[in-house]
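Reader: I am new to reading protein models. Could you take me through this one, feature by feature?

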Amino acid sequence: MAVTAKAFQLWRSQIAPQDTVSDVCRVADIKRSTLAQQLVRGKVSVSTVVAIARGYGLPIVGALAAFDGFEDVPDGVRDPTDAELVSQVSHIDILRLLVARSRDEECAGSDLQLDLAPFPHRNSVRAWIEAIDPGDLRQRLATSTGVARQNLSAQLTAGRLVPEIAVEAARIAGVSLTSGLVVTGLLTPAEGGWPPDGRSRALCAMSDLDLVFLARDRLDVLGKQIRRAELEDGRDRAIWENLG
């Protein structure tokens with residue numbers, strides 16, 4: 001998804017009235033050909049807008065508010081829930097904490113010893129959707145955005161979610177409107193208002209039983225992904241063998 005070229009050009013003229021397209025691309029560290037192609041098509045990607053805002057040192061959330069579909073995002077920024085924070089912890093770190101607790105190590109849950117891996121992780125988007133889902137999120141999201149449920153499922157399976165849908169999911173779930181932009185990697189945690197130690201704190205606050213259930217669920221998802229990949233590899237090998 002993208003913003004209109006007309007809206008982008010108006011925004012660009014406001015933030016850098018003296019700069020040419022080449023100047024803007026140099027400041028944002030993006031290829032001029034990339035922006036030129038987007039302008040010709042009449043649609044500029046949201047990631048391009050974010051890159052330019054970063055390059056000019058502008059507040060990213062405020063910059064997005066200049067475009068249709070993002071106007072309410074600045075007013076909708078709030079702290080992420082503990083469920084959202086934990087959704088962005090990888091299964092490896094969850095298992096590490098379980099092992100540390102089983103050994104009864106001193107301060108096993110401290111941020112320093114956990115040293116959580118950066119995110120987004122492999123299943124960040126799906127885990128976030130499940131963390132904020134009130135029970136009918138996918139259905140309401142498909143109805144609200146006009147995106148078919150199978151297409152929405154395909155995005156989640158691929159580990160991506162277009163910005164407009166990510167923001168709409170947050171609206172429906174009643175969470176911070178920047179959360180989906182953070183878990184998809186469009187915004188950094190700091191830009192989206194996520195506390196630097198939030199994930200570690202939320203994870204360490206979980207009971208051993210809840211950690212076990214969480215690890216079980218994450219490993220179940222991972223197992224299905226590996227099984228699917230093996231089946232696809234098997235079909236590919238069969239095709240090549242049949243081709244001789």
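Author: Start with the pocket lining. α15 gives the most to the lining of the largest pocket, with five residues. Helices (H or I, at least four residues) and strands (E, at least two) are DSSP runs, numbered from the N terminus. A pocket is found on a 1 Å grid over the protein atoms alone: it is an open set of points where a 1.4 Å probe fits, with protein on both sides within 12 Å along at least five of seven lines, and lining residues have an atom within 4 Å of a point.

Reader: What kind of model is this, and how are residues numbered?

Author: This is a predicted model: local features need pLDDT of at least 70, side-chain atom pairs count only at pLDDT 80 or more, and totals for chains, interfaces and linings use all residues. Residues are numbered from 1 along each chain as its sequence is written, and side-chain values use heavy atoms, with hydrogens and water left out.

Reader: Which helices each supply at least two residues of the lining of the largest pocket?

Author: They are α6 (82-87), α9 (124-132) and α15 (208-243). The lining has 13 residues, and Ala127, Glu130, Leu214, Asp217 and Arg218 lie nearest the centre. By class, six are nonpolar, two polar and five charged. Here Ala, Val, Leu, Ile, Met, Phe, Trp, Tyr, Cys and Pro count as nonpolar, Asp, Glu, Lys and Arg as charged, and the others, Gly among them, as polar.

Reader: What volume does the largest pocket have?

Author: About 210 Å³. Grid points are joined across faces, edges and corners, and a volume is the space filled by probe spheres set on the points. The second largest pocket has about 170 Å³. Twelve residues line the second largest pocket, with Phe119, Pro189, Pro195, Pro196 and Arg199 nearest its centre.

Reader: Which residue has a positive phi although it is not a glycine?

Author: Asp29, with a phi of about 60°. Asp29 lies in the loop between α2 (21-28) and α3 (32-41).

Reader: Is Asp29 buried or exposed?

Author: Check the cut-offs: buried means under 20% relative accessible area, exposed over 50%, partly exposed in between (1.4 Å probe, protein chains only). Asp29 is at 70%, so it counts as exposed.

Reader: Why is helix α4 called largely enclosed?

Author: Count its buried residues. Seven of the ten residues of α4 (residues 46-55) are buried, so the rest of the structure largely encloses this helix. Among them are Val46, Val49 and Ile52. After α4 comes Gly57, with a positive phi near 70°.

Reader: Which residues have the most contacts inside the largest nonpolar core?

Author: A nonpolar core is a set of buried Ala, Val, Leu, Ile, Met, Phe, Trp, Tyr and Cys residues joined through side-chain atoms within 4.5 Å. The largest one has 62 residues, and those with the most contacts inside it are Phe8, Trp11, Val49, Trp128, Leu161 and Leu203. Contact means heavy atoms within 4.5 Å. Leaving aside neighbours within four places in sequence, Trp128 touches residues including Glu84, Leu161 and Val183.

Reader: How many helices and strands does the chain have?

Author: It has 15 helices and two strands. Of the 244 residues in the chain, 40% are buried.
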